Amino acid sequence: MSTYYLNYLEELESEAIFILREVWAQFQNPVILFSGGKDSILVTHLAKKAFHPAKIPFALMHVDTGHNFPEAIQFRDDIVEKLGVKLIVGSVQKSIDTGRVAEERGKNATRNALQITTLLDTIEEHKIDCAIGGGRRDEEKARAKERFFSHRDEFGQWDPKNQRPELWNLLNGKYFEGEHFRAFPISNWTEMDVWNYLAKENIEIPSLYLAHEREVVKRNGSWIPNSDHLILEPREEILTKRIRFRTLGDITITGGIESDADTMEKIVEEVSTMRETERGNRSDDKRSETAMEDRKKDGYF
C-alpha cells in the first residue's frame, strides 16, 4: 500500500479547509470578513476549495471605513461579482452620521478603532454567529493568543484568558444567545506561507501589493500614501516613490515600503529577507505597546 505525503503548504491548506468546514457544520449564519487584503483573499480561495464544486456557502462581509484604498474596493466588488456571493457592508460613515461613534481629530486621526462599533452592529443586525477572519499568529503578539474558534461575549468582547481548549482538533462552537465567535483558519500560516501559496495557486491580488509609483509622505518612519484624507504638516513633502504595501488597511494608516518587487516571485524573495513584521508600517499599531490587544478586547477583528 503506497503512502501519501503532504508538503507543508498542503498541510496548512488541509488544516484551513478543516476549520472552514467545521465552521459551516457548527454555526447557522457564518460570514467571511473580507477587506480585499491578501489574507481575506486567501481565506476566500480556501473556502472555494473546501466546498467545490458547490458555491461558497458564506456571505462576504466588509466594514467600510470610507478611507479605503480605491483599488481594494474595486477588487472587492470584482471578486463578489465573479464568485456570485452575497456582500454585506457595514459603514463607519453611517455610524458617525447616526452618532454611534465620534470622528477622531488631528493629523494622526484614523477610523481604525471606529470599525469596532460598526462591526459589532453589523454582526447583530444580520444575526451573524461566526465571523471568519484572516488573522495570523505571526502578525502581532495579540493575534498570537487567538484560538481557531475565538469566543466573543454578549458585548462582542474578547477575553484571551477565557477561551475554549482545542485539544485533538476538537473545536467547541457552543454559545449563548447574543454571543458569537470569530474563526481564524489560517492562524498557523506565516507571511511567507501566504505568498508562497498565492504564487503556487496563481491567485489574483490587488496591484497595491506590487511595486508601483505612488505619491507618498514620510511619517513615523513609513511612507504614507497621499490622499484626500491626509493632513499634511508644514514640513512634510509629497514625494513620488516606487513602493508596495505588505499589508492593507485604511489609506491613512497603511505605510508602504520602497521596493522593486513587481511580481509574486520577487515578493517571495523580498519577504524571505524581511526581519520586521508586516504590520510594522501600520501607524494604528504604533500608538501603544498593547494597541492591537486593547482593540481586540473591545471587539476588533
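This is a predicted model: local features need pLDDT of at least 70, side-chain atom pairs count only at pLDDT 80 or more; totals for chains, interfaces and linings use all residues.
**Surface patch.** I started with the nonpolar patch: L167, W168 and L170 make one of about 420 Å². Patches here are built from residues with over 30% relative accessible area and no salt bridge; like charges are joined within 9 Å, and nonpolar side chains (Val, Leu, Ile, Met, Phe, Trp, Tyr) within 5 Å. A salt bridge is a side-chain nitrogen of Lys or Arg within 4 Å of a carboxyl oxygen of Asp or Glu. Areas come from the Shrake-Rupley method with a 1.4 Å probe, and for residues only the protein chains shown count as cover.

Residues are numbered from 1 along each chain as its sequence is written, and side-chain values use heavy atoms, with hydrogens and water left out.

Helices (H or I, at least four residues) and strands (E, at least two) are DSSP runs, numbered from the N terminus. W168 counts as exposed because its relative accessibility is 74%, and L170 counts as exposed at 56%. My cut-offs: buried is under 20% relative accessible area, exposed is over 50%, partly exposed is in between (1.4 Å probe, protein chains only).

K127 is another non-glycine with a positive phi, near 55°. I found K127 in the loop between α5 (115-125) and β4, and it counts as exposed at 66% relative accessibility. Then I checked for cis peptides: one joins H52 and P53, with omega about 10°. P53 sits in the loop between α2 and β2.

**Strands β5 and β6.** How many bridges join β5 to β6? I get 4, and the two strands run antiparallel. Two strands pair if DSSP finds at least two bridges between them. The partner of S150 in β6 is R182. In β5, F149 and H151 point one way while S150 and R152 point the other, and all are buried.

A144 and N188 are 44 residues apart in sequence, yet 9.2 Å apart in space, C-alpha to C-alpha.

**The other strands.** β1 (residues 30-33) and β2 are joined by 3 bridges and run parallel; V31 has A59 as its bridge partner in β2. Of the 6 residues of β2 (residues 59-64), 5 are buried, so the strand is largely enclosed by the rest of the structure.

Next I traced an open sheet of 4 strands, in the order β8-β7-β9-β10, with antiparallel pairing. β8 (222-225) and β10 (257-258) are the edge strands, each pairing on one side only. I counted 2 bridges between β9 (residues 239-244) and β10, and R244 has I257 as its partner in β10.

Which residues of α7 are buried? In α7 (residues 264-271) they are M264, I267, V268, E270 and V271. Seen down the axis, these fall within an arc of 165°, so they line one face of the helix; the arc is that of the directions from the helix axis to the C-beta atoms. The face turned away from the buried side carries the exposed residues E265 and E269. The buried residues of α7 pack against α6 (191-201), β9 and β10, where contact means heavy atoms within 4.5 Å.

For α6, the buried residues are E191, D193, V194, W195, Y197 and L198. Their cover includes α1 (8-26), α2 (38-51), β9 and α7.

**Whole chain.** The protein chain has 8 helices and 10 strands, and of its 301 residues 53% count as buried. Among contacts with a separation of 6 or more, 73% involve residues 24 or more positions apart. The accessible surface is about 14900 Å², of which 49% belongs to carbon and sulfur atoms.
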